[in-house]
Amino acid sequence: MSRKVLMAFCIALALPLGMFAESRGQITLKVWDQWRAENDSKAITMVDDNFMKKYPNVKIERTAMPESEIADLIKAALSSDSGPDVIYSEVGIGFIGPMLKAGAILDLTNTWKARGWNDKLFPVSKSIPSVGGRNYAVGCELEFCPIYYNKTLFKKLGINEPKTMSDLDAAMAKLKAAGVTPWAWGGKTWWNNANLVGSVLWDYLDQDTINKQMYQDVSWKSNPAVKDALNKCLVEWAQKGYYPTGGEALTDDEGLMLFYQGKAAMVPNSNANIEAFLGNIGDKFEVSSFNWPKVTPKSKPNTVAFIGSGYMVNAKTKYQQAAIDYIDFVCANPDSAKIFYEVASKFMPYKKAIPNLKVPRLVAEARAALTDSSLLLLPGINMTAPPEVMTFLETNAVQVMTKQIDVPGWIDQFDSLWQKSKAEGMTLSTFKW
Amino acid sequence: MRAASFKFRPRYQYIGFLMILPVMGLYCVFTLYPIASSVVLSLHDWSGIGPKAYVGLDNYAEAFADPMVWLSFRNNLQYCLGLIAVGVAPGLILAALLAGERIRGRTVFQTIYFLPRLLSMVVVSIVWGWIYNPSFGLLNSIIRWLGAKDFSIGWLGNASFAMWAVVVAGGWTYFGFCMVIFIAALQNTDPSLSEAALIDGANWLQRFFSVIIPQISNVITMVLILTLIDAFKIFDIIYLMTLGGPGRKTEIMATYLYREAFRHNHFGYGSSIAMILTAFVLLVSIVFQYSREKRES
């Protein structure tokens with residue numbers, strides 16, 4: 001046989017063998033996520049490398065894109081046969097609901113038990129991406145939203161960390177008198193409004209009431225504490241000038257800039273921004289945090305919890321086992337959690353002790369709060385509200401502040417949208433999948 | 001000698017059709033098919049994934065009964081009127097000033113005034129967002145320097161001024177475009193009519209409104225129709241500058257239908273709003289054109 005013929009024969013043999021390599025155990029797992037920021041990307045790359053060392057037959061093909069892009073593409077991708085196997089995206093039913101109803105997302109209820117995630121992961125990681133007693137994702141990037149504040153300024157003005165709402169009011173009055181804007185707030189960014197209103201609402205309502213609102217769709221008009229909460233944060237604080245002038249026209253970043261410059265003293269924000277705080281503030285002043293203060297002497301201090309996003313599995317994936325192995329490795333592994341804490345200051349849902357964790361003080365404080373049983377850690381309203389209600393929450397806080405509508409009018413509209421969503425099967429109590 | 005004449009032969013016809021076929025194909029795939037799909041989608045209830053449920057004209061009935069649709073329609077109309085005031089009118093005045101033969105540096109002025117039109121709306125939105133910034137924006141800095149601190153407000157967050165603030169930004173990109181069109185129209189007017197009016201004792205204003213404007217009325221109609229289409233088509237400047245806020249004060253039909261479709265998963269409803277918008281613009285354009293032609297005849 002001539003050399004040319006032999007070579008042609010070898011190539012002809014190798015090509016199909018190469019094409020069918022996956023059928024012999026080699027697989028490529030397609031993952032869509034949002035780990036785009038420099039340190040986030042660094043952290044997930046390290047985790048992926050460790051995963052591929054542990055599972056040498058699995059190659060991770062990761063595509064990072066903005067959340068808005070995933071939102072635009074995910075429905076079409078899941079409808080096709082070539083979508084990603086694992087998706088890391090927003091998990092509220094407002095967003096994921098249609099995909100759950102279409103059977104496009106894998107039910108992970110049994111997986112939670114089988115993999116021991118109930119013991120290894122924080123409860124909010126499970127409670128937020130679940131509806132009707134069934135789970136569809138593993139919540140990741142745990143966030144909670146205390147009040148971050150300029151500790152140096154507080155010390156200078158003789159203000160202690162507020163423990164009650166009266167303390168907070170007194171602190172804000174003192175700050176205002178000293179020429180400092182109490183709140184760094186940008187009303188143009190929707191998330192800010194939802195966070196502010198949601199946090200104050202949750203501060204005024206007890207856990208039993210919150211559960212009834214979220215899981216039984218009780219009317220929001222029936223509880224006077226709702227009106228008190230909104231009067232406090234949307235009327236009283238606005239009238240007293242506790243928000244930046246023209247704050248309704250500022251973006252989140254512009255509001256934060258006031259905090260970084262020391263022109264505003266407090267910001268209700270997520271621990272997800274710790275890295276930005278540390279990077280922008282540097283040595284200018286000391287930053288610390290306190291939980292939303294008690295409204296009544298009997299209420300527990302609370303902090304609202306969120307999850308940034310969650311890991312889900314495409315119901316059409318051919319590699320279910322590998323997909324679940326991947327999620328388990330990223331979310332329920334102490335080494336992966338350590339990488340995310342130390343490299344990106346991101347909170348993975350792994351709750352057990354992580355030995356030799358070296359993180360900045362703010363990160364350590366936040367992690368301690370997550371495991372503090374005296375603290376009421378409640379899933380935020382943003383995590384569970386139907387989409388039309390969310391839009392209203394995000395856009396219409398400013399309407400009250402700018403006196404376009406009053407608080408009772410706001411509550412009326414809010415409640416009517418909630419009941420409409422209930423009729424459409426888009427609340428936690430009525431959603432079926 | 002027989003005059004040379006070109007006879008249109010069938011063979012050339014086929015070649016002509018073949019030449020335009022690729023473009024027609026692209027037009028069908030990327031324009032006609034999506035429009036047809038939107039019409040079909042508007043008759044269904046669909047969340048973006050899974051099966052569609054036929055609902056007939058229910059989406060349209062809901063849209064006509066939806067107060068947000070009417071609010072956003074009014075906002076579009078406000079933007080349109082604002083654009084006429086801030087874009088078309090200044091463009092016409094500038095054109096009248098620059099159309100004369102003896103204007104020195106006319107080309108330079110035309111170029112400078114037209115430049116904003118070349119900018120991407122994303123850039124325009126960001127730059128004007130900075131200008132309007134309540135803390136460090138140029139506008140408020142000037143106001144404070146003039147000693148009128150009380151007028152230094154959050155322009156894009158103020159319910160009364162937000163839409164006008166956006167109109168100014170949009171008009172800034174528009175007046176140069178109008179100016180160029182009007183200059184071309186003015187240069188095609190009959191100068192003898194103006195001279196005759198001058199001899200009869202008409203002043204500049206009278207000559208402008210009674211002699212020149214009627215001669216360019218066709219062009220003015222065309223510009224107004226384009227303004228209407230532009231004003232009802234906008235999305236980017238509102239989305240980037242105000243997101244429809246404060247409190248939906250600057251919500252327009254395009255941002256509303258986008259939110260309904262992509263945020264609230266009501267794709268059928270969003271499509272019905274898009275169809276209503278398209279039908280409205282088409283209808284107004286036809287009525288406008290028809291009434292102008294009727295007046296002329």
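In chain A of this predicted model, four strands form an open sheet of mixed pairing, in the order β8-β9-β7-β10; helices (H or I, at least four residues) and strands (E, at least two) are DSSP runs numbered from the N terminus, and two strands pair if DSSP finds at least two bridges between them. Neighbouring strands are turned by 20° against each other on average, direction ignored. Strands β7 (residues 147–150) and β9 (residues 264–268) of chain A run antiparallel and are joined by 3 bridges. Opposite Y148(A) stands V267(A) in β9(A).

Helices α2 (residues 38–54) and α16 (residues 334–344) of chain A pack with their axes 9 Å apart, at an angle of about 160°. Axes are lines fitted to C-alpha atoms, for helices over the stretch in contact, and angles run from 0 to 180 degrees between N-to-C directions. The angle makes α2(A) roughly antiparallel to α16(A) (over 145 degrees; under 35 is roughly parallel, 65 to 115 roughly perpendicular and the rest oblique).

Between the chains, 23 residues of chain B are in contact with 28 residues of chain A (C-beta atoms, placed from the backbone, within 7 Å).

Residues are numbered from 1 along each chain as its sequence is written, and chains are lettered from A and ligands numbered from 1 in the order in which they are written. Local features need pLDDT of at least 70 and side-chain atom pairs count only at pLDDT 80 or more, whereas totals for chains, interfaces and linings use all residues.

Notes. Contact = placed C-beta atoms within 7 Å.
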